[in-house]
Amino acid sequence: MSEHRKPVLGSNRVPLEMPGLDPRWSRTRLVPDSRSGSAHEWHYLDTLDELQKLGVRPVGTILAVHGNPTWSYLWRDLVSASVRAADAGQPAWRVIAVDQLDMGFSARTGVTRPLAQRVRDLADFTDSLALDGPVVTLGHDWGGVVAFGWAVDHPDLLAGVMSLNTAAHHPAGVPIPAPLRLAGTRGVLAASTETTSAFLNTTLRLARPALDPAVRDAYRAPYGSAERRRGIGGFVADIPTDARHESFAELQRIAAGVAKLTVPALLLWGPRDPIFGDRYLDDLVDRLPHADVHRFEGAGHLIAEERDYAGAVLDWLSERGTTSGTATAPDTDTDMSASFTPLWAALDNRRADADDAVIDMAVRGGGERHVSWQQLDDRVRRIAAGLASVGVQKGHRVSVLVPPGPTLTAIVYGCLRMGAVVVVADAGLGVQGLSRAVRGAWPDVIIGEARGLAAARALGWPGMRISVARLPWASRRLLAVDYTLGEIVERGTSAPLPVEPAADDPAAILFTSGSTGPAKGVAYTHRQLSALRDVLAAHFGIDEETGLVTGFAPFALLGPALGTRSATPAMDVSAPRTLTARAVAAAVRASDSRIVFLSPAAILNVVATAGALDADDRAALATVRTFLSTGAPVGEALLAAAAELMPNAEPHTPYGMTECLLMTDVTLDGIRAVGGAADRGVCVGSPIGANRVLISALDADGAAVGAPRSTPGVLGEVVISAAHLKTAYDRLWLTDRISTLNTPDDGRWHRTGDVGHLDAEGRLWIEGRLPHVLTTAEGPLAPVGPEQQIEGSAFVRRAALVGVGPAGLRQAVAVIETLPAVTRPGLAAPDVTGDIRERSSVPLVAVLAVPSLPTDIRHNSKIDRTRLSVWAERTLAGGRITSP
Amino acid sequence: MIVAVTGASGYLGRAVARDLVAAGHEVRTLQRRASGVMGATDVLGSITDRDALSRTLEGVEGVIHLAAKVSLAGDPAEFRSVNVEGTRLLLDEAEHRGVSRFVNVSSPSVAHSGSALEGVGAEPASPAHARGEYARTKAEAELLALDRDSHAMRVVVIRPHLVWGPGDPQLVGRILDRARRGRLPLLDGGRALIDSTYIDNAASGLVAALHRAEHAHGRAYVLTNGEPRPVGELLISMCRASNVRPPQWSLPAGIARAAGSLIERAWALRPGTDEPPMTRFLAEQLSTAHWFDQRETRRALDWAPTVSIDEGLRRLAAHAAR
């Protein structure tokens with residue numbers, strides 16, 4: 001067996017000039033076929049010599065297998081990145097990337113090579129290299145199946161499995177994806193895959209943005225003639241469409257083997273893939289439940305060309321790959337041993353109670369709905385049992401597209417009670433955002449109203465469909481509804497109640513608002529949701545007798561868990577600004593509540609409609625003891641105006657986020673107490689209960705690199721820990737890794753992406769978002785502090801501070817909405833500019849006035865500073881002026 | 001030390017000579033008319049006059065070379081004679097006389113090809129790409145000067161950007177003059193972000209370059225206040241400080257550039273010594289961002305501006321009120 005460098009240049013040789021591919025990595029090798037005794041020449045990339053030249057010993061080997069119709073060129077970024085990493089002193093991984101036989105620059109064997117043969121081929125190849133462990137496999141497309149096959153067959157060498165878009169199994173009864181169905185049809189197959197290079201070109205065209213022409217040519221290089229393309233056709237013909245196919249048994253064998261793997265696994269996915277979509281990712285996650293998964297939203301089949309998969313692979317290996325053997329245990333949790341009371345415990349306790357549990361005054365079309373504890377508990381049990389009876393299991397994901405109200409409450413508790421994972425995305429994401437979220441979470445069940453189900457049908461969302469309303473037969477068929485909620489409840493009457501889930505079982509996936517990029521799914525366990533309930537009860541003194549009025553949907557759901565009655569005031573629950581002062585008073589009266597939760601948008605309208613309150617209303621509001629603005633921090637003036645309506649209530653404005661709903665809290669008195677402080681930013685108060693808040697200092701580049709500390713006055717990223725903090729981001733391993741990178745070892749921590757500082761009393765001041773920090777020559781500068789100074793001007797309605805110029809030399813620009821508003825964007829008037837310059841403690845290079853600042857519609861307070869800074873840069877460069 | 005300043009009858013040259021005198025140096029100046037700097041010894045003559053150069057540099061240790069033909073239009077031969085040949089003669093004489101520090105005053109326009117410059121350093125001078133005779137000849141002069149940097153004579157090139165201040169006949173004077181005659185449009189609303197340098201800072205920066213020649217030699221530095229401003233805001237502020245009605249009209253920059261090119265050509269044919277109302281170079285200067293990274297300049301010269309733009313404007317107003 002000879003291994004030789006390949007200076008030979010023939011039609012089947014790697015041309016030397018290909019972007020990103022160093023010819024020194026290229027090898028050929030004659031490998032005997034273990035069955036036939038003949039030998040075939042393999043072409044492959046191998047970094048062993050490079051690593052030896054660097055004088056480093058590999059910690060293991062990455063065995064990379066391309067799919068159809070690519071070749072080892074696919075892995076060039078990983079090859080170069082791994083050598084660079086080794087050179088930089090990081091763990092050295094040898095990379096071997098093969099061209100499968102009949103593919104790339106490997107030999108054309110002249111015989112068809114079904115899946116089982118290909119798996120054996122790869123074993124013959126690694127045998128001939130006498131490849132030693134540990135080996136981590138990496139595959140893409142059908143190469144992923146071959147790589148999994150090798151992994152299943154080499155347990156002694158295997159240290160991990162990694163894959164980009166692939167499939168280990170094709171579910172029976174599901175039609176194979178249309179593009180392949182067409183390509184696999186006899187006649188079309190030969191024409192599209194061999195005679196012409198249509199299949200090849202179609203695949204290469206999937207990349208977004210489009211491939212560089214030189215890269216496209218490199219992919220095409222080994223497939224110049226029909227003869228050389230035969231492997232492509234062979235591969236497509238080998239896709240097992242049903243059980244009669246010769247490769248079906250091998251695929252079954254591999255799929256079953258994958259499900260038994262316990263080594264660390266990494267799945268990197270581009271969901272915009274017409275072939276290997278989220279369905280296949282979900283199947284793999286079921287087989288490899290311990291896998292680290294990252295879905296690159298917006299990326300597609302050629303994810304290797306679209307995203308930094310090489311960086312992700314190496315980062316992952318540095319965390320998981322060198323711990324050989326089994327998957328790493330989940331982070332040990334300091335709160336693991338803490339006592340745990342299930343969310344439905346109060347329902348159990350009050351199951352015989354005929355008092356109101358939920359009062360819904362927001363019924364569409366008017367009226368109120370009262371649901372007693374008895375009724376609610378009964379409904380929850382029936383839904384739990386009914387869902388189980390139609391095949392929903394513990395751990396299944398249930399996407400709930402139902403507006404807030406007693407029905408949503410019953411469904412959510414029903415799911416929690418049986419261990420199904422509730423997936424909740426805000427309708428405010430819009431259809432597109434919602435669709436991304438639902439597809440990303442890949443639910444097993446969708447429960448919705450006709451509108452949600454119609455979207456599910458039209459947008460091809462997965463899962464069993466349950467309609468909350470009874471539907472006429474025709475619409476039921478049209479929407480492909482499997483059951484109505486009534487039928488589920490009916491079945492639940494006789495079905496047994498499933499076993500309760502355990503504290504550390506997953507309970508919910510809540511989607512972020514998406515105001516800071518595509519919405520992210522945030523995973524919670526039962527223990528964490530229960531901890532949220534407990535911290536809420538303890539901090540605000542909520543007990544059975546308190547009662548809650550909730551004009552803010554997420555907290556409305558917590559009422560039954562808190563064991564106290566909750567009332568939703570008359571309003572359009574999807575539009576908080578429709579809430580009036582009278583409606584709040586009526587809800588307080590109806591539920592005799594001492595606590596009121598409102599969102600900032602709702603408070604604005606409640607204050608605006610206070611004139612309509614009569615004496616009774618005022619008397620009712622005077623009984624309120626605690627009032628919370630939840631969602632985004634509100635200013636002193638608005639909070640004070642609301643407090644006047646509830647003269648005996650202490651107003652609070654807590655700070656939190658989807659990842660940790662209650663972090664710190666400050667009262668109106670607390671805000672007033674810090675009024676004279678020199679601190680920049682918005683004071684959001686002190687950590688609630690046992691929550692911990694630290695600051696990771698920013699460096700000159702605006703990166704939060706400092707070890708998290710409590711030193712006062714240091715600007716940095718806010719890092720938090722709480723018993724009710726998220727478990728992880730769902731299927732966003734890289735995002736999750738960044739959010740927990742370099743955090744303390746004790747307990748679960750989360751990097752919030754918010755920047756601010758702690759003061760000497762341990763209060764937290766928020767100064768903006770991490771991406772909005774300006775890296776000036778004097779150091780990092782957060783926007784909120786100067787914005788508050790600028791907003792002190794009588795000329796200014798709202799202000800945003802953004803940067804122009806290169807990183808490290810960003811110059812601060814104030815972009816303002818003026819009073820009265822300007823009609824066209826441009827330089828602010830000289831007097832306005834003068835006043836603003838005087839107020840700002842940071843030097844401003846320019847003051848620009850715009851008719852309106854680009855604002856996230858769901859968060860009236862969140863100005864899109866990233867977009868605004870691009871606009872300011874263009875405007876101040878002297879280009880044509882547009883609106884921001 | 002004995003320091004020679006060329007072009008000391010100009011606005012910046014005079015300020016530099018004064019600073020040097022105040023710092024206790026013996027100052028000799030070379031220009032065609034009296035410098036008016038108390039305490040300095042004037043040598044009257046042209047930069048192209050070998051005798052005058054010889055007399056000026058007798059026993060001199062340091063040179064700050066500011067003499068130049070600065071104009072938006074004019075005879076190309078004259079630009080070349082003063083800016084290129086004059087600098088060459090001065091360098092020859094300085095080497096010959098054993099001058100050890102040579103500060104050549106240049107202009108950021110030597111590296112400005114018309115596109116926006118945002119936060120850049122001192123790019124190499126490029127005579128081929130510079131716009132207009134002034135920038136082209138200054139670029140050549142800068143390359144000549146840097147070429148002479150040696151152990152014996154440390155050459156530093158400083159490019160002050162848009163120097164202004166009270167009593168300045170060049171920039172402020174022209175702006176006010178144009179504004180009074182209604183010939184000063186804001187191009188594209190005057191949004192382009194530009195750097196400028198208050199006179200005191202420009203002068204102290206040049207003196208710093210002379211002192212720090214040993215550290216800073218062999219390269220060019222852009223020198224500014226490090227406070228970019230929209231060009232419109234700066235022009236309006238200058239007019240307001242000087243009680244002149246600020247520009248009231250805005251012109252699309254594309255039109256101004258095209259008009260500038262036409263007018264430039266017309267002025268070349270037309271007899272007379274006045275300046276054209278608009279040139280392509282001026283249109284670009286008034287409509288494209290050009291502001292600079294000052295970190296390296298401040299480090300190398302161990303210098304920082306002492307008068308902010310706001311303070312400079314107050315001084316401009318105080319001067320106008322006198």
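A nonpolar core is here a set of buried Ala, Val, Leu, Ile, Met, Phe, Trp, Tyr and Cys residues joined through C-beta atoms within 7 Å, where a residue is buried if 20 or more other C-beta atoms, placed from the backbone, lie within 10 Å of its own, exposed if 12 or fewer do, and partly exposed in between. The views show a predicted model, in which local features need pLDDT of at least 70 and side-chain atom pairs count only at pLDDT 80 or more, while totals for chains, interfaces and linings use all residues. Residues are numbered from 1 along each chain as its sequence is written, and chains are lettered from A and ligands numbered from 1 in the order in which they are written.

**View 1. Residues of the largest nonpolar core.** The largest nonpolar core holds 370 residues, of which A:Val400, A:Val422, A:Ile447, A:Val813, B:Val16 and B:Leu206 touch the most other members. Leaving aside residues up to four places away in sequence, B:Val16 touches B:Val5, B:Ile64, B:Leu66, B:Ala203, B:Leu206 and B:Val207, contact being defined by C-beta atoms, placed from the backbone, that lie within 7 Å.

**View 2. An open antiparallel sheet in chain A.** Seen here are 7 strands in the order E24-E25-E26-E31-E30-E28-E27; strands are DSSP runs of E with at least two residues, helices are runs of H or I with at least four, and both are numbered from the N terminus. Strand E24 (655-657) and strand E27 (692-697) of chain A stand at the edges with a single partner strand each, so one side of each is left without a neighbour in the sheet. The twist averages 50° from one strand to the next. Strands E26 (residues 682-687) and E31 (residues 764-769) of chain A pair in the antiparallel sense over 3 bridges, pairing being assigned if DSSP finds at least two bridges between two strands, and A:Cys683 has A:Trp765 in E31(A) as its bridge partner.

**View 3. Positive phi at A:Asp592 and B:Leu162.** A:Asp592, although not a glycine, has a positive phi of about 50°; this residue sits in the loop between helix H24 (581-591) and strand E21 (595-598) of chain A and is partly exposed, with 14 other C-beta atoms within 10 Å. B:Leu162 has a phi near 45° in the loop between strand E7 (154-160) and strand E8 (163-164) of chain B, and counts as buried because 20 C-beta neighbours lie inside 10 Å.

Technical notes:
Axes are lines fitted to C-alpha atoms, for helices over the stretch in contact, and angles run from 0 to 180 degrees between N-to-C directions. Two residues are in contact if their C-beta atoms, placed from the backbone, lie within 7 Å.
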